[in-house]
Each structure stands twice: as structure tokens, then as C-alpha cells.
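Please read the following alongside the chain shown below.

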Amino acid sequence: MKEIGLKLEGKIKRLTNETFKFDERVGDGWFSAVYFLKTKQIAEKYKPNNIVTMQFFQKKHAVLCGTDEVLALINTFATNPHDLEIHSLKDGDKIEPFETVLTITGPYQYFGFLEGVIDGILARRTSVATNVYEVVKAAKSSGVEKPIIFMGDRDDHFTQQAGDGYAAYIGGSKAQATHAMNEWWGKRGMGTMPHALIQLFEGDLVAATRAYHETYPDDDLLALVDYNNDVITDSLKVAREFGKDLKGVRIDTSQNLIDQYFNRHPEVLGTFDPRGVNPTLLFALRSALDNEGFNHVKIVASGGFDAKRIERYEQMRAPVDMYGVGSSLLKIHIGFTGDSVILNDRPEAKTGRKYRPNSRLEKIEL
């Protein structure tokens, strides 16, 4: 069983390096800013008995993520980690601007060189979790909860997928594009067809969909219908061909294209931007499917969606049953800071910073 299963069952409190599999060079300071490494050496030579408290915070309303990873990092690479006093919030906690999320107390040379690595873990994981949370919230703003597919595989380096997928899970996305994105939390990737599959069949969507259905008969059949930039015509083709077997269609029209529907119906133009996946096109598609009795066919929309755009579509009651979201979920916009604020039980910090106690912190036993 994966550690996430043990955690959900209450058998362990936090995920460990069994899940995270850190690069061993972290312990050598390979990923630490050099000035932290120099300070470690100076502390060992001149101030070995000093005890400092370092606190970590950020400046936005956010969904915290990365604490399990940070605690596993400290336990793996800090010197004498069991001699450190650590207090932390939990992954998934809602946090306020300047709220202390983590404190570490002990000799600086034991853990100080990890400061920047800790900041980076918390920044990335919290940014992704918060982005996903905002999108998930937007997708249920009309009163109907609609799934979000996390499609961030093409928007960042592949080595980040496992951590980003976990952060997306913490933010509320349970459907993700790759197996790696699901690695830390125990599911499998999901998806049907890319444009490349249709290209192999020379743009014949029905033939491509049939090949998919015959190869993966147990999968829900979901056809990608924008390859020929005529989503209504192609959606009706596959619906007529596969009937009840067709569970849904996905529209991923480029923001630089105007669907052929608008060439046939210029009378609807003039009051909105007709490029890409837009509400007018979605309403027309839903109507066309329903008029031929294909009410069961779901509509999945992807391509350039973020929380604001989804919220706008939901306010308009656009007929979308699921959203595919990628790049907007990976924007790192939340930065964390680690400050040493107490020295030998006395307040001591740079001007403008001070110790901010937080009763929500729980004491950590490594």
C-alpha cells in the first residue's frame, strides 16, 4: 500500500521519504544557496551552542501544501533531526497572509542550510494546490460540481509531475493526465485521444474513435472533436456512429481559430469573441446533440482555462460537464520566506520581522 493510503487510514501521520525519494545530494548542500553553506561552517566554528528559531510564512490567502515533504526533508538531511523542535501546519490547511506555517528550533548548523530548499518546496506545492483549489471552486460556482482534469504534463519539466500531481490532489483534482502525477497519492493517469491519433487516420475522427474503442473497450469513450475545426459536425458524426457508447466529446479549439459553425451562422457574430472554445459554440453544440437525442453525451472543454474564465462560463451556465486545465495551474505565484526570529530564547530578527506564534501549529515528532 502506498503511504498515502496508510496516512488516510491513520496508520502514519505524515508522508516520508519513502514517497518523496529525495536526491541524496540535498544532504551535501548541492541545492542550497552557497551563503547558507558558508553560514553553516561559521556557526559550527564560532557559535556552535546558539539555538535559533526559524519561522516560515507567505503573504497570500492560500491552500498550504508541501509540509509533509519538508518534514521528510528535515528528517532525512538535517544533522541530528530528533534534537530539533518542530511545529507545523498540515497539507491542505487554508492559510492567511503572514501566518506562520512552520517553525524549527535548534542549532543553526543542524538545519539552516535547508532554508532555501524548504522555501522552494512550500512555494511550488502551495502555488499549485491553491491554483487547483481556485479552479475547482470556480467549476462548482453554478451549484453543480464539475470535475477538473489536471493536464499540466506539457507545461513544465517532467521531473516535477509527481509533486505537482500531489499538490493538485491536495487542491481538489482527482483526475490527472499522467501516471507520474498520481504517483504520490496512488491512482493512475487518465485520458483518451490526442490530435495525433486523429492525424494518423488522416483526419477521419470516426475511424480514429473506432480504433480507440476497439483497443480500449473498457474505457469511457470520449472523442476529441476539434481536429477539423468543425466541432458540431464531427460531434454528430461520432454520436451517430457510436450512440450510447459515446460518453462525451472534448473541445480544444485553438484560441487563434474560429470554428466552422460561425461561417455557417454569421448572424450570431458581432457581440463576442468567436475564437477558441467559447460559450456560444458550446451552447450550439449542446443544442445540436440534444436535438438528435444525444443528451447523454457530456462536453469536456479544454484550452487556456483558468479560474476566472471557468467562473465566467459557469455564471453563463455554459454547458460544460468537465474542464481540462493545464498551464494556469502551474504558475508559481506564492513565495515563502524563512526568518530566524529567536536567538537563545530572546527575540532577535532583522528589522521588520518578528516571531509570530500560531496556535494552529502542531508539534512534530520525527
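Strand β6 (residues 148-150) pairs with β7 in the parallel sense, over two bridges. Two strands are said to pair if DSSP finds at least two bridges between them. Strands here are DSSP runs of E with at least two residues, helices are runs of H or I with at least four residues, and both are numbered from the N terminus. Within this pair, Ile149 has Ala175 of β7 as its bridge partner.

The model is predicted: local features need pLDDT of at least 70, side-chain atom pairs count only at pLDDT 80 or more, and totals for chains, interfaces and linings use all residues. Residues are numbered from 1 along each chain as its sequence is written, and side-chain values use heavy atoms, with hydrogens and water left out.

The β6-β7 pair belongs to an open sheet of six strands, ordered β7-β6-β11-β10-β9-β8, with parallel pairing. Because β7 (175-176) and β8 (221-224) stand at the edges with a single partner strand each, one side of each has no neighbour in the sheet. Strands of a sheet pair through backbone hydrogen bonds, either parallel or antiparallel.

Among the helices, α4 (residues 67-77) is mostly covered, with nine of its eleven residues buried. Buried means under 20% relative accessible area, exposed over 50%, and partly exposed in between, using a 1.4 Å probe and protein chains only. The buried residues of α4 include Asp68 and Glu69 as well as Val70, Leu71 and Phe77.

Phe77 is also part of one aromatic cluster, together with Phe20, Phe22, Tyr166, Tyr169, Trp184 and Trp185. Rings of Phe, Tyr and Trp (its six-membered ring) pair if their centres lie within 6.5 Å; planes under 30 degrees apart count as stacked, over 60 as edge-to-face and the rest as tilted. By this rule there are 14 aromatic pairs. One of them, Phe305 with Tyr313, is edge-to-face, at 5.3 Å centre to centre and 85 degrees between the planes. Both Phe305 and Tyr313 are buried.

What remains is the chain as a whole. The chain has 13 helices and 14 strands, and its C-alpha atoms fill a box of roughly 80 × 45 × 35 Å along the principal axes. Of its 366 residues, 51% count as buried. Taking contact as heavy atoms within 4.5 Å, 72% of the contacts between residues at least 6 apart in sequence join residues at least 24 apart.
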